[in-house]
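Where does a protein leave open space, and which residues surround that space? The paragraphs below take up these two matters in turn.

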Amino acid sequence: AAKSEGKARCQVFHEEMHVRLVDRLEQESRLRLAVEHGELRLHLQPIVAADTGRSVGVEALVRWQDPALGLRPPGAFLPLAEEAGLSADIDRWVLRESCRTLRQWQDEEPEQAPDWISVNVAAPLLESPGLPDLVTEVLRDTGLRPEALVLEVTETTLMRDVAATAPRLDRLRALGVRVAIDDFGTGYSSLGYLRDIPADVLKIDRSFLDGLVGSGRHRDLIDAVLHLGLTLGLQVVAEGIEDAAQLSELVALGCPLLQGFHCGRPVPAEQLRRQSAAMVAQ
Ligand code: C2E
Ligand code: MG
Ligand code: MG
Ligand code: MG
């Protein structure tokens, strides 16, 4: 009896594995079709200059308008995209759509439009040899100035292979685009890489903001990180500002660029344009 029970359990195990595999393949093919059928959407979040209060930049954040499940955040499908080999395709779409969107905004409302757009680039696109040519082509096709494009690469991606990454970033910067180190401070990496990585912008991860208000030690740490970036000649953005108290702490510390729900949530470009126009009218 024990033997046949074992066999039955084994059977159940295989069926579960099979169901999970089929489920994943189905999800992957839905995502592949989503990319091909235009179900990706771009949301833009403002990046605000502390001295003027103006939205000088925006970050492009991808969403999936899933016909079955509604609007899905990147955390719900980018891991699957990476496994399915779709990550670079998604990032290419976001790059082109971002440049097109900002160029159009700058053409139609030169006063209100932000100066630059930040686009996230994950490892598969960063490591693809065709990236400099793609950027050149997209800038040419859309007419966006290279200075208006920032490519965001996470600290974790940068650290995968510093020796290979540095020359890649140099080739991109030679085109006139800027490079941002995203999620800075989360990668458990040695600070030494800052010396070797050619970057223009440092984005301090929002985890540094926890406990900022009210704790001297937390404030000292973010102060040190901020001034490390400024001393290295980088533009520094604080990410994830959620309330007025955090905002005023960061402004008091001298953080030049601010991003977070308190400064503006990610929304579709048309909505952000209406909001900006309404603010100017006030
Ligand atoms: P990220 O590049 O660090 O982008 C910032 C994330 O923090 C966004 O989440 C944004 O909505 C969220 N955020 C902004 N302000 C606040 C705040 O005040 N509080 C909190 N709790 N969160 C805030 P989102 O849009 O869900 O994106 C998550 C991550 O997915 C991004 O982190 C980025 O790593 C990745 N991602 C988004 N779009 C793309 C893309 O087009 N390509 C690639 N490769 N990755 C992307
Ligand atoms: Mg980012
Ligand atoms: Mg970030
Ligand atoms: Mg982050």
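In what follows, Ala, Val, Leu, Ile, Met, Phe, Trp, Tyr, Cys and Pro are counted as nonpolar, Asp, Glu, Lys and Arg as charged, and the others, including Gly, as polar. The structure shown is a predicted model.

The largest pocket holds about 1000 Å³ of space. It is lined by 35 residues, and those closest to its centre are Glu59, Leu61, Pro74, Asn120 and Asp182. Two or more lining residues come from each of the elements β2 (55–66), α2 (78–83), α3 (87–108), β5 (149–154) and β6 (178–184). Among the contributors to this lining, β2 gives the most, with 5 residues. By the classes set out above, the lining of the largest pocket comprises 13 nonpolar, 10 polar and 12 charged residues.

The second largest pocket contains about 380 Å³ of space. Its lining consists of 22 residues, of which Gly53, Arg54, Ser55, Ser276 and Met279 lie nearest the centre. The elements β1 (40–49), β2, α10 (244–253) and α11 (269–281) each supply at least two residues of this lining.

Which element gives the most to the lining of the second largest pocket? That element is α11, with 5 residues. The lining of the second largest pocket divides into 14 nonpolar, 6 polar and 2 charged residues.

Technical notes: Residues numbered from 1 in each chain as written. Chains lettered and ligands numbered in written order. Predicted model: local features only at pLDDT ≥ 70, side-chain atom pairs only at ≥ 80, totals over all residues. Heavy atoms only, no water. 1 Å grid on protein atoms, 1.4 Å probe; cavity = no way out; pocket = protein on both sides within 12 Å on 5 of 7 lines; lining within 4 Å. Points joined across faces, edges and corners; volume = space filled by probe spheres on them. Helix = DSSP H or I, 4+ residues; strand = E, 2+ residues; numbered from the N terminus.
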